[in-house]
Amino acid sequence: MNNSVFAKRLKTLASSFLLASSLAVAGSVAAEEPLKIGFIYVSPIGDAGWTYQHDLGRKAIEEKFGDKIQVKYVESVPEGAEAERVTREMASGGNKMIFGTSFGFMNPMLKVAKTFPNTHFEHATGYKTEANLGNYNARFYEGRYLSGIVAGSMTKSNTLGYVAAFPIPEVVMGINAFTRGAQSVNPKIEVKVVWVNSWFDPGREREATATLIDQGADLVTHHTDSTAVVIAAEEKGKYAIAYHSDMSKYGPKAQLTAVTHHWEKFYTDQVQQALDKAWKPSSIWGGVKEGMINLAPLNAAVPKEVADKVEQAKAAIADGSLHPFAGPVLDQDGKETVAAGSNITDELLSKMDYYVKGVNGKLPK
Amino acid sequence: MDMNTVILMLAATVAAAVPLIFAALGELVVEKSGVLNLGVEGMMIVGALFAFIVAAETGQLWLAAMVGALAGASMALIFGFITLSLMANQVATGLALTIFGVGLSAFIGQGYTSVALDGLKELSIPGLSALPIVGKLFFAYNILVYLALAAFIAVAWFLYKSRAGLILRAVGESPSSAHALGYRVIRIRYLAVLFGGAMAGLGGAYLSLAYTPLWAEGMTAGRGWIALALVVFATWRPGRVLMGALLFGGVTIAQFHVQGLGVEIPSQFLSMLPYMATIVVLVLISRDAGVVRLNAPASLGQPWHNELH
């Protein structure tokens with residue numbers, strides 16, 4: 001054979017071998033590239049609260065999926081224009097799955113989702129969806145109802161205080177469920193609500209708690225993000241029911257229980273779907289049955305009969321035989337909003353814009 | 001609404017007024033010397049943060065309060081240097097320092113959100129605190145509340161009954177005349193500015209040590225600005241500063257009590273009230289330019305430099 005022909009063939013063989021092997025290496029590297037995931041939090045993670053519970057979910061997926069994912073998070077993102085900027089930055093930074101954990105992120109995320117069709121977006125506590133935007137929520141009201149049973153049994157002044165953030169349906173249904181739970185064991189109770197117009201503002205939450213206690217409440221609960229309410233109740237020697245996380249270390253004598261959120265399973269399932277390339281947008285609304293809502297261990301001060309009642313109610317909610325908004329449900333004017341014998345529908349629940357009988361004051365619109 | 005609730009509301013009003021009293025009294029002294037310090041909010045929040053950090057790390061609340069005052073004074077030193085030595089515009093420098101202070105405190109304070117603090121407790125004076133109405137109204141506050149009252153008496157006495165206060169006011173009215181008489185204008189203004197910063201820092205420390213023993217970024221929530229407005233509203237008189245602080249404190253507390261009582265005013269409007277009251281009050285005072293001119297220190301906001309050197 002001619003030397004030059006041989007040399008040429010050898011060169012072709014060598015270069016094609018190199019090309020093939022580099023492609024194989026590149027291919028395997030591409031297959032190994034971790035799924036980049038982003039979390040957008042509305043408040044600081046801290047040691048307890050709404051964001052802390054979501055962050056527990058983040059830690060769970062990092063532990064489970066290890067190198068297969070690369071997670072980053074941004075805390076204290078205000079709702080509105082800033083949220084849009086952060087979401088856009090995350091999406092253009094290569095994050096293929098983005099979780100936004102506050103109601104006010106809904107419109108910003110929707111906007112960004114439309115311009116990044118290949119990224120998966122999941123929004124908590126909202127109601128808008130897209131081809132690549134799902135939402136998820138938990139039936140907090142189930143936990144509220146159960147905590148109401150504790151509150152109604154333990155109050156002596158029959159006035160229960162509620163420090164609430166914004167008058168959106170999710171918060172309102174919590175107030176109403178709490179009231180109904182308390183009424184189920186103590187029909188004489190009334191609930192006083194103070195709105196602080198912020199998800200996280202320890203100063204105002206504390207002032208609001210002090211006000212409610214000064215006005216006769218001997219148990220205070222909250223739908224806000226800091227530990228201020230529990231701490232204030234502990235200082236003033238009153239009871240508290242915490243929300244989001246178990247805050248007993250901030251109020252060992254005050255906290256009777258807490259309505260706790262558990263997002264680990266949800267996040268794990270979503271990430272698994274994405275890794276299996278089988279992610280579809282969904283609207284998930286899980287409660288006690290799915291393990292997304294639970295009660296923290298009851299304070300030793302709660303008597304056994306009350307603890308038993310709570311357990312029974314919890315089991316009944318889980319198997320569907322007890323619904324916190326089973327008819328008849330009366331609003332403050334006495335009008336029936338849910339007929340006797342039926343349960344409220346999910347749709348009506350997510351639009352709830354009235355107080356039930358037993359709640360003091362007028363709902364700000 | 002029963003008597004007990006009214007008493008508790010009044011007591012809460014006093015507690016809410018304290019940061020305003022500290023910051024406004026400090027700013028009053030600064031403005032009386034002719035310097036306009038718009039950095040009060042930044043100095044307050046820096047004081048709040050550093051006081052909280054010291055309290056969380058060492059548990060020594062007195063030390064924490066002093067460090068808070070010191071932190072405020074340090075910020076004020078920066079302000080003083082830029083405006084008194086470098087002759088920069090006082091308004092711009094003050095604003096810059098507020099923005100800087102708020103951002104710096106948020107940055108350094110990141111690790112301290114959700115840290116629980118055993119804050120300053122209310123005093124329990126044997127015999128007096130337990131009295132039916134008078135006890136809660138006068139004898140059951142934490143120590144910084146009484147310190148604020150003492151500060152008011154001290155500042156009022158200093159400004160109007162002491163020679164040093166007279167010199168300070170002279171510097172504020174006509175620095176050139178004071179200089180001609182041999183007084184060190186720049187040094188006096190430096191001292192006033194440091195005092196103002198320390199008081200603002202102390203006001204912030206009260207917030208994070210006693211009022212809300214927690215740290216959260218932005219926790220002063222505009223109180224520094226309200227304090228600034230208060231000084232103008234009070235036409236630069238200490239007694240009126242005290243009254244104004246109680247008024248604003250009351251408005252802040254009222255928003256929650258009104259809601260709790262079930263009165264039908266939207267809560268969003270009530271949240272706005274303290275700030276709206278500030279604006280209204282400023283507009284009312286400024287309507288008559290004569291009133292302001294008559295009462296304000298004549299050289300307020302104007303840099304002064306020694307022309308002979």
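**Exercise 1. Work out how α2(B) sits against α3(B), starting from the handedness of the crossing.**

Solution. Start with the crossing: α2(B) goes past α3(B) in a right-handed way (left-handed if the near helix is turned anticlockwise from the far one by less than a right angle, right-handed if clockwise). Before going on, a word on the model: it is predicted, so local features need pLDDT of at least 70 and side-chain atom pairs pLDDT 80 or more, while totals for chains, interfaces and linings use all residues. Residues are numbered from 1 along each chain as its sequence is written, and chains are lettered from A and ligands numbered from 1 in the order in which they are written.

Next, the geometry. Helix α2 (residues 40-58) and helix α3 (residues 61-85) of chain B pack at about 150 degrees, with axes 7 Å apart. That angle makes α2(B) roughly antiparallel to α3(B) (under 35 degrees counts as roughly parallel, over 145 as roughly antiparallel, 65 to 115 as roughly perpendicular, the rest as oblique). Axes here are lines fitted to C-alpha atoms, for helices over the stretch in contact, and angles run from 0 to 180 degrees between N-to-C directions. Helices (H or I, at least four residues) and strands (E, at least two) are DSSP runs, numbered from the N terminus.

Now the residues. Among those that meet are B:Gly42, B:Phe50 and B:Val54 in α2(B), and B:Leu61, B:Gly68 and B:Met75 in α3(B); contact means C-beta atoms, placed from the backbone, within 7 Å. By class, this contact has 17 nonpolar, 5 polar and no charged residues. Nonpolar means Ala, Val, Leu, Ile, Met, Phe, Trp, Tyr, Cys and Pro; charged means Asp, Glu, Lys and Arg; the others, Gly among them, are polar.

**Exercise 2. Now do the packing of α2(B) with α4(B).**

Solution. Angle first: α2(B) and helix α4 (residues 90-108) of chain B pack at about 20 degrees, axes 7 Å apart. The two helices are therefore roughly parallel to each other. The crossing of α2(B) past α4(B) is left-handed. Contact residues include B:Glu41 and B:Leu49 from α2(B), plus B:Phe100 and B:Ile108 from α4(B). Sorted by class, you get 10 nonpolar, 4 polar and 1 charged.

**Exercise 3. Which element of chain A gives the most to the side that touches chain B?**

Solution. Count the contact: 29 residues of chain A touch 24 of chain B. Elements supplying at least two residues each on the chain A side are β7 (190-195), α7 (202-214) and α8 (228-235). The biggest giver is α7(A), with 9 residues. By class, the chain A side has 13 nonpolar, 9 polar and 7 charged residues.

Terms used
Contact = placed C-beta atoms within 7 Å.
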